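Colleague: I'm new to this structure and would like a friendly tour. Please put the sequence and the model up, and I'll start asking.

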Amino acid sequence: MSKKVEFPVMNVQMISIDSLQANDYNPNKVPHERLKALIKSIEYSGVTMPIVAYQEGGEYIIIDGFHRYKVLRDHFKCKEVPCTIVDLPIEKRISATMLHNTARGEHIVDLEAQLVKKLRMQGKSMIEIAELMQLEGEEALRLNANTTLKDRFKNRDFSKSWE
C-alpha cells in the first residue's frame, strides 16, 4: 500500500524577510566557510529551495532554511524570500528541523575527487576548481592527487614478493 505524500513545496510564497525569525530549537550550526559555499551556490544557481516556515500570528518561524535566510538577508539584502508554509504542531516542527538537518548527507572523498578530475578534464585550473567547489587550495590539491595517483598506477604490474 502506498502512503500519501503531501507537496507543500508546490505552494511557495514570497514572504517579507522581516517577518521571518529563527526557531529556538535548531541545533545546526554552519561554519563560516560553509556559509561562503552557500553564497556561491546562490550566486551560481539562484535560490533553488524555499525556506520552510510555520506561521504564528503575523510572524513566520523558520523550520528549515535558517542559513539560506541569513545569507539572503545579510549578504544579498533581499526584502522577500521564497517560503513554503506548513501547518504542523510543535513536536512535528522540531522533528522536521532535526530531520532536514540530518538528511543532508555526507560528502564522500572519492566522489569529490572524481568531480575534481571531471573539472580538470574540462580544462579548469586548480584555482578555478577550488573556487567553484569552495575548497581550500590544499584540499583541492589533495582531491586531485587522490585521482591522479590511482590513474598513474592502475594498469601496472606489481611484484608478487609478498605472496
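Colleague: Where is the place of lysine 77?

Modeller: First, a word on the ground rules: this is a predicted model, in which local features need pLDDT of at least 70, side-chain atom pairs count only at pLDDT 80 or more, and totals for chains, interfaces and linings use all residues. Residues are numbered from 1 along each chain as its sequence is written, and side-chain values use heavy atoms, with hydrogens and water left out. Helices (H or I, at least four residues) and strands (E, at least two) are DSSP runs, numbered from the N terminus. In those terms, lysine 77 belongs to the loop between helix 2 and strand 5.

Colleague: Is lysine 77 buried or exposed?

Modeller: Buried means under 20% relative accessible area, exposed over 50%, and partly exposed in between (1.4 Å probe, protein chains only). With a relative accessible area of 57%, lysine 77 counts as exposed.

Colleague: What is the phi of lysine 77?

Modeller: Most residues other than glycine have a negative phi. Lysine 77 is not a glycine, and yet its phi is positive, at about 55 degrees.

Colleague: Let's step back to the overall picture. In what pattern do the elements follow one another along the sequence?

Modeller: The protein chain holds six helices and five strands. Following it along the sequence gives β-β-α-β-β-α-β-α-α-α-α.

Colleague: What is the order of the strands in the sheet?

Modeller: Strands of a sheet pair through backbone hydrogen bonds, either parallel or antiparallel, and two strands count as paired if DSSP finds at least two bridges between them. Strand 1 (residues 12-16) runs antiparallel to strand 5 (residues 80-85) over five bridges, while strand 3 (residues 51-56) pairs with strand 5 in the parallel sense over three bridges. Strand 1 and strand 2 are the edge strands, each pairing on one side only. The five strands make an open sheet of mixed pairing, in the order 1-5-3-4-2.

Colleague: Which residue of strand 5 is the bridge partner of glutamine 13?

Modeller: Take the strand 1 and strand 5 pairing, which is antiparallel. Serine 16 stands opposite glutamate 80 in strand 5. Isoleucine 51 has cysteine 83 as its bridge partner in strand 5, and for glutamine 13 the partner in strand 5 is likewise cysteine 83.

Colleague: Now the helices. How far does helix 1 reach from its first C-alpha to its last?

Modeller: The expected span of a helix is 1.5 Å times one less than its number of residues. Helix 1 (residues 32-45) has 14 residues, for which 20 Å is expected. After the helix comes glycine 46, with a positive phi near 80 degrees. From first C-alpha to last, the reach of helix 1 is close to that expectation, at 20 Å.

Colleague: Which residues does valine 71 touch, leaving out those up to four places away in sequence?

Modeller: Valine 71 lies in helix 2 and is buried, its relative accessible area being 5%. Leu35, Ile39 and Ile42 are among the buried residues of helix 1, and the C-alpha atoms of valine 71 and isoleucine 39 are 6.7 Å apart although 32 residues separate them in sequence. Counting contact as heavy atoms within 4.5 Å, valine 71 touches Leu35, Leu38, Ile39, Ile42 and Phe76.

Colleague: Which residues form the aromatic pair?

Modeller: Rings of Phe, Tyr and Trp (its six-membered ring) pair if their centres lie within 6.5 Å; planes under 30 degrees apart count as stacked, over 60 as edge-to-face and the rest as tilted. The search of the whole structure turns up one such pair, a tilted one with 5.8 Å from centre to centre and 45 degrees between the planes. Its members are three residues apart in helix 2 (residues 66-74), so about one helical turn separates them. They are phenylalanine 66 and tyrosine 69.

Colleague: How far is the charged end of arginine 93 from the centre of the ring of tyrosine 54?

Modeller: A charge sits over a ring if NZ of Lys or CZ of Arg is within 6 Å of the ring centre and within 35 degrees of the ring normal. Arginine 93 has its charged end over the ring of tyrosine 54, at a distance from the centre of 3.7 Å.
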